Amino acid sequence: MIWGIPTIGTPLEVMLLALPPVNGHRRGDLRWARRRLLEPLTTVDGLPVTSKAQTVLDMAAYLPFEQAVPAMDHVIRPDRRRGLQALEKDALRQLAQGLPTQAKRVRAMRVITFADERSESPGESYSRAVIHRNGFPAPELQQSFHSPGGRLLGRTDFFWKQQELVGEFDGAVKYGKTQTDGGTQPEHALLQEKRREDAIRATGVGFLRWSWSEVFKPAGAPDGLVQALLRAGLPQLRPRA
């Protein structure tokens with residue numbers, strides 16, 4: 001959180017780096033854990049922390065795949081708000097070789113390989129991980145749609161060309177800022193989004209929209225993302241990974 005790396009859900013504890021001779025300790029919401037340092041410690045706003053690369057690799061090695069992907073997607077693109085450069089995949093792969101076990105190295109490598117800087121929000125990243133884990137075909141990201149005259153109608157979060165299906169996570173916030181952001185008012189943003197969706201639908205594609213509520217549901221839940229994708233005609237190419 002200090003690095004601005006997205007976390008999914010509300011963290012229940014604060015993790016601190018345990019230094020010898022401490023092997024692990026917990027007190028309330030504080031947990032000390034031993035970590036092999038892959039890079040030297042650094043500071044952010046005066047606080048000593050593990051490096052950005054170390055932090056995201058620890059997340060990839062220790063967190064569930066769906067939670068690790070949004071973090072990795074975030075760090076491989078520039079963080080312009082904080083003025084931080086993107087981390088390179090090759091450098092992350094090399095650094096991941098220093099993780100303490102083969103299992104953790106494999107987990108981290110899987111997340112690095114899957115990461116895609118085109119995912120524009122944690123919700124898109126988390127959705128993409130859920131889609132992958134449940135055996136659906138990989139979608140095209142940020143697909144542009146144009147009118148017959150060549151006018152750009154908009155970009156979509158996900159597009160499955162073979163099924164002619166568009167998928168959108170929380171699309172209403174993609175093309176219109178809320179009033180609290182200093183941009184357009186929510187009602188105007190929703191109207192713009194509806195017009196964009198209608199124009200893209202008019203090209204002959206199906207359109208499926210979901211939010212955090214659907215993406216968090218178990219695979220068998222009738223009102224969850226997995227079942228919605230199946231109803232929309234998307235095939236499962238393999239069992240859940």
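Among contacts in the protein chain between residues at least 6 apart in sequence, what percentage join residues at least 24 apart? The share is 53%, where a contact means heavy atoms within 4.5 Å. The structure is a predicted model, in which local features need pLDDT of at least 70 and side-chain atom pairs count only at pLDDT 80 or more, while totals for chains, interfaces and linings use all residues. Residues are numbered from 1 along each chain as its sequence is written, and side-chain values use heavy atoms, with hydrogens and water left out.

The protein chain contains eight helices and nine strands. Helices (H or I, at least four residues) and strands (E, at least two) are DSSP runs, numbered from the N terminus. Along the principal axes, the C-alpha atoms fill a box of roughly 65 × 45 × 35 Å. Of the 241 residues in the protein chain, 42% are buried. Buried means under 20% relative accessible area, exposed means over 50%, and partly exposed lies in between (1.4 Å probe, protein chains only).

Helix 1 (52–62) is mostly covered, with ten of its eleven residues buried. Among them are Lys52, Gln54 and Asp58, as well as Val56, Leu57 and Met59. The buried residues of this helix pack against helix 2, helix 3 (89–96) and helix 4.

Helix 1 also contributes to the lining of the largest pocket, as do strand 1 (14–17), strand 3 (30–33) and strand 5 (47–49); each supplies at least two residues. On a 1 Å grid over the protein atoms alone, a pocket is an open set of points where a 1.4 Å probe fits, with protein on both sides within 12 Å along at least five of seven lines; lining residues have an atom within 4 Å of a point. The largest pocket has a volume of about 1200 Å³, the volume being the space filled by probe spheres set on the points, with grid points joined across faces, edges and corners. Its lining comprises 29 residues, of which Met1, Glu13, Val14, Met15 and Thr55 lie nearest the centre of the pocket. By type, the lining divides into 19 nonpolar, six polar and four charged residues. Here Ala, Val, Leu, Ile, Met, Phe, Trp, Tyr, Cys and Pro count as nonpolar, Asp, Glu, Lys and Arg as charged, and the others, Gly among them, as polar.

Aromatic rings were examined next. Rings of Phe, Tyr and Trp (its six-membered ring) pair if their centres lie within 6.5 Å; planes under 30 degrees apart count as stacked, over 60 as edge-to-face and the rest as tilted. By this rule there are eight aromatic pairs. The pair of Phe65 and Phe114 is tilted, because the ring centres are 5.3 Å apart and the planes stand at 55°. This pair links distant parts of the chain, since Phe65 is in helix 2 (residues 65–75) and Phe114 is in helix 4 (residues 102–114), 49 residues apart. Phe65 counts as buried at 6% relative accessibility, and Phe114 is buried at 17%. Phe158 and Trp160 form a stacked pair, with 6.3 Å from centre to centre and 25° between the planes; both residues are buried. Tyr126, Phe169, Trp212 and Phe216 form one aromatic cluster.

Charged groups also lie over rings. A charge sits over a ring if NZ of Lys or CZ of Arg is within 6 Å of the ring centre and within 35 degrees of the ring normal. The charged end of Arg110 sits over the ring of Phe65, 4.3 Å from its centre. Arg35 lies over the face of Tyr62, at 3.7 Å from the ring centre.

Phe65 and Arg110 are both touched by Arg133, whose contacts also include Glu66 and Arg238, not counting residues up to four places away in sequence. Arg133 is found in helix 5 (residues 122–133) and is buried, with a relative accessible area of 14%. Leu225, in helix 8 (residues 225–231), is buried at 2% relative accessibility. With the same exclusion, Leu225 touches Val130, Ile131, Trp210, Glu214 and Val215.

Most residues other than glycine have a negative phi. Asp45 has a positive phi of about 50° and lies in the loop between strand 4 (42–44) and strand 5; at 78% relative accessibility, Asp45 counts as exposed. Gln142 has a positive phi of about 55° and is placed in strand 6 (residues 140–146). At 13% relative accessibility, Gln142 counts as buried.
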